[in-house]
Amino acid sequence: MKGLLTQVRSYERSVQLLMVNQFTINLGFYMLMPYLAAHLSGTLGLAGWIVGLVLGVRNFSQQGMFLVGGTLADRLGYKPMIVAGCVLRTLGFATLGMVDSLPALLAASAATGLAGALFNPAVRAYLAADAGERRVEAFALFNVFYQAGILLGPLAGMVLTGVDFRITCLVSAGIFAVLSVVQIRALPARRSEDAKRQDSDAGQSVLAQWRGILANRPFLLFSVAMIGSYVLSFQVYLALPLEVRRLGGDGEFGTAAVAMLFAVSGLTTILGQTRVTAWCKARYEPGQALVRGLAAMGLAFVPLLLATAVPVPESGIGPWLLAAVPPTLAALLLAIGTMIAYPFEMDTIVRLSGDRLVATHYGLYNTICGVGITVGNLGTGAALDAALAAGMPALPWIALIVLGLACAAALYGLHRTGRLAAPPASEPLAASV
């Protein structure tokens, strides 16, 4: 931990603040969101389809507005979008705990999603700009703070929700309110280079900028190839818990085993991210690290595939071991693969943007991957159902392994053909429209 703090202190104040901010953002978010569905269906007694609608509106408003949020950050500056997102999430989370009408719940849910679309691209573009040549290492540290928030948020929320969900909402809103004030007072104002250029020559229209990004073929190919990493990593929340509960039941053991999945994933990243990144950077080019990260994520499901060949014991400790060990190994390998790929992934986006409209590129990238996650999860769910109906438990794990290796192969092709390198300085993206 001392070494981690030393690394953080070696960066500018703005970078340090952005890392702490991301921890706080995730703490406040994951303090509330895992318990929202139970509040809507239990305390408020809403029908299942309404609960799905409220949660879906939040996801749609975030994924659908990432591109807009990134564009606004490039045009207006990173700090205003970060502050606006924190303020909006303060209002949204406070409202979720105080209302029970469907229109108000939908509005609050949409506000929380839009908040993420505003500050996520801005935070990453700001971090990339101020970290400079140390972008890869900065994003590795950023992921440590990111995962720490995800790990601690649900624990704090469990304690607060045990008293009253409204208290959880108000505490979470309070966190974002304090964070908003901190951003206003302490975060240096920083505008992208594109915003500065627009001051002198009016810049391009938004549509022209978007057409330029859509004409950036290497960036689009990279974005599509990376969808698999997000689908695979999301299985810590979908396929792995379902597998644990299928074999271990919904009782105390199942709950503890699922909690262990999250703990293994988060703690592995917190303890190992910076070491893994330093090791990979010393040995691999960014493209090579990405290929290895995706391959590791695909192979993470091999323990689950092998476990399907083992007959499920009818009694004793056997069923519990089968329910807990393979999914936990998969979560561990997924975390390792993500640790390998994530810092280089974030750095590659900046390089492929040519350091132009970086927040807008992050915004479009998030939207593409968000749509991919939705489609991928539908496919995974269908594979799980088909496996159960046909008595073929290996089917979903084979599909996920193939997805990971296919995406790794796609990234290998992009790396070998030089498409993951920065565009020539004489060919700025904005001039390509």
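These legends describe an overall view and several close-ups of one predicted model.

Residues are numbered from 1 along each chain as its sequence is written.

Figure 1. Helices (H or I, at least four residues) and strands (E, at least two) are DSSP runs, numbered from the N terminus. The C-alpha atoms fill a box of roughly 75 × 55 × 45 Å along the principal axes. The radius of gyration is 22 Å, which agrees with the value near 22 Å for a compact globule of 433 residues. That radius is taken over C-alpha atoms, and the globule rule is 2.2 Å times the number of residues to the power 0.38. Of the 433 residues, 52% count as buried. Buried means under 20% relative accessible area, exposed over 50%, and partly exposed in between (1.4 Å probe, protein chains only). Contact means heavy atoms within 4.5 Å. Among contacts between residues at least 6 apart in sequence, 85% join residues at least 24 apart.

**Figure 2. The largest nonpolar core, with 91 residues.** A nonpolar core is a set of buried Ala, Val, Leu, Ile, Met, Phe, Trp, Tyr and Cys residues joined through side-chain atoms within 4.5 Å. Which residues have the most contacts inside this core? They are F222, Y362 and L411. Helix α6 (residues 102–131) gives the most to the core, with 12 residues. A second, separate core has 20 residues, including L232, V244, F301 and A324.

**Figure 3. Y362 and its contacts.** Neighbours within four places in sequence are left aside here. Y362 is then in contact with P121, R124, A125 and A128, among others. F139, M346, I349 and V350 are also in contact with Y362.

**Figure 4. G28 in helix α2 (residues 13–32).** Is G28 buried or exposed? G28 has a relative accessible area of 0%, so it is buried. Not counting residues up to four places away in sequence, G28 touches F93, S172, I175 and F176. G28 and V83 are 55 residues apart in sequence. In space, their C-alpha atoms are 15 Å apart.

**Figure 5. S180 in helix α8 (residues 165–186).** S180 counts as buried because its relative accessibility is 5%. Leaving aside neighbours within four places in sequence, S180 is in contact with V83, C86, V87 and T90.

**Figure 6. D355 and L357 in the loop between α17 and α18.** Helix α17 covers 318–353, and α18 covers 358–390. Most residues other than glycine have a negative phi. D355 is not a glycine, yet has a positive phi of about 60°. L357 is not a glycine either, and has a positive phi of about 50°. D355 counts as partly exposed because its relative accessibility is 47%. L357 is buried, with a relative accessible area of 4%.

Conventions: Predicted model: local features only at pLDDT ≥ 70, side-chain atom pairs only at ≥ 80, totals over all residues. Heavy atoms only, no water.
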